[in-house]
Amino acid sequence: MKKWIISILIIAVLIVGSIYIFIPSKLTVSSFRYVKEYHNGLLRLIADSTKFSTFLSANTEKNSEGFSYKGVQYKIYKPYSDFIQVEIKSGNIQTISNVFPVNIYRDSSAIQWIVEYNTGFTPWGRIFAYKEAIKIKESISGLLDSMKNYADNTVNIYGFPIEEIALKKDTLILSTYLKTNAYPTVTDIYKQVQKLNDYAVSQKAMADDVPMISVKQIDSLHFETMIGLPINANLQKSGDFAVKHMPFNGKMFVTVVNGGNSNIQNGLKALDLFHQDSKRPMMAIAYQLMITDRSKITDTAKWVTQLYHPVNN
């Protein structure tokens, strides 16, 4: 009988000892997801409590205490400049977790979510804490899957669908400049387009794409606009007309904007921010490709404009 008791005690001691060995006094739960996004763009998403709340609202159940997902309660605790703290409750576990971006490569980053909490002194407390860790791991992993999908879409970071393309052919641009005392009007622009087209025809060349413009504000009263017309032949510089060359395979950041000048300016700002985040040298000025003939369609809501930002490889 005593042998049985001793055996049971030994087994109990071994079990308890194993619990203390394999379940430490502090547990760390973490999950990691790669994202096709620049580090600074991802940083703005994570460190901005408003954007982070928008993400949580779209992927969790909202309640009076915050957000709930797979049995775990979430609440934004405090945003910092380079990460955000999120309060987590699961069972009797309550702790502050950290969500932050990790710089991986030029155009790739990652999101890491780390949760740490004490498991207590009793063996049953540590077992319970370990079970909660499994639940928390599953919950934050599911949220990170959703966050990866959310962050992979440039619309959620910059407000516009931005992509990088390579030019499929050499492009020659017949160009001229226009100086005005206000933002150039549609009439101003298309007068110059007509001049470019007339000159091209006179030199036995012709347009092979829609016109483009790039508007630069010199000061509060003065604007300088480059107007360009893609043509099918190389021409010599003459007077106010010059030919620019955009080489085959040249890299471009591109987005499409629907609407008038206000939307276009927002698109240009987003494209510029995307370029800043890329940390790649700018090869030429950003420009608008006027897909819609604005001289014929006066309803700006129907305008379609492609924005291009040339960059180094």
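## Exercises on a predicted model

Ile104 is partly exposed, with a relative accessible area of 41%. The model behind this value is predicted.

**Exercise 1.** Work out why Ile104 is classed as partly exposed, and find the strand that holds Ile104.

Solution. 
1. The relative accessible area of Ile104 is 41%.
2. Buried requires under 20% and exposed over 50%, with partly exposed in between.
3. The value of 41% therefore puts Ile104 in the partly exposed class.
4. Ile104 has its place in strand β6.

**Exercise 2.** Name the residues of the nonpolar surface patch that includes Ile104, and the elements that give two or more residues to the patch.

Solution. 
1. Ile104 forms the patch with Phe32, Tyr34 and Tyr105.
2. Together these residues have about 440 Å² of accessible area.
3. Two or more residues come from each of β1 (26-35) and β6 (93-105).

**Exercise 3.** Give the strand order of the open sheet with 8 strands, and explain what sets its edges apart.

Solution. 
1. The order is β8-β13-β15-β14-β10-β11-β9-β12, with antiparallel pairing.
2. β8 (163-166) and β12 (242-246) are the edge strands; each has a single partner, so one side of each lacks a neighbour in the sheet.
3. From one strand to the next, the twist averages 35°.

Conventions: Residues are numbered from 1 along each chain as its sequence is written. This is a predicted model: local features need pLDDT of at least 70, side-chain atom pairs count only at pLDDT 80 or more; totals for chains, interfaces and linings use all residues. Side-chain values use heavy atoms; hydrogens and water are left out. Two strands pair if DSSP finds at least two bridges between them. Helices (H or I, at least four residues) and strands (E, at least two) are DSSP runs, numbered from the N terminus. Axes are lines fitted to C-alpha atoms, for helices over the stretch in contact, and angles run from 0 to 180 degrees between N-to-C directions. Patches are made of residues with over 30% relative accessible area and no salt bridge: like charges are joined within 9 Å, nonpolar side chains (Val, Leu, Ile, Met, Phe, Trp, Tyr) within 5 Å. Accessible areas come from the Shrake-Rupley method with a 1.4 Å probe; for residues, only the protein chains shown count as cover. A salt bridge is a side-chain nitrogen of Lys or Arg within 4 Å of a carboxyl oxygen of Asp or Glu. Buried means under 20% relative accessible area, exposed over 50%, partly exposed in between (1.4 Å probe, protein chains only).
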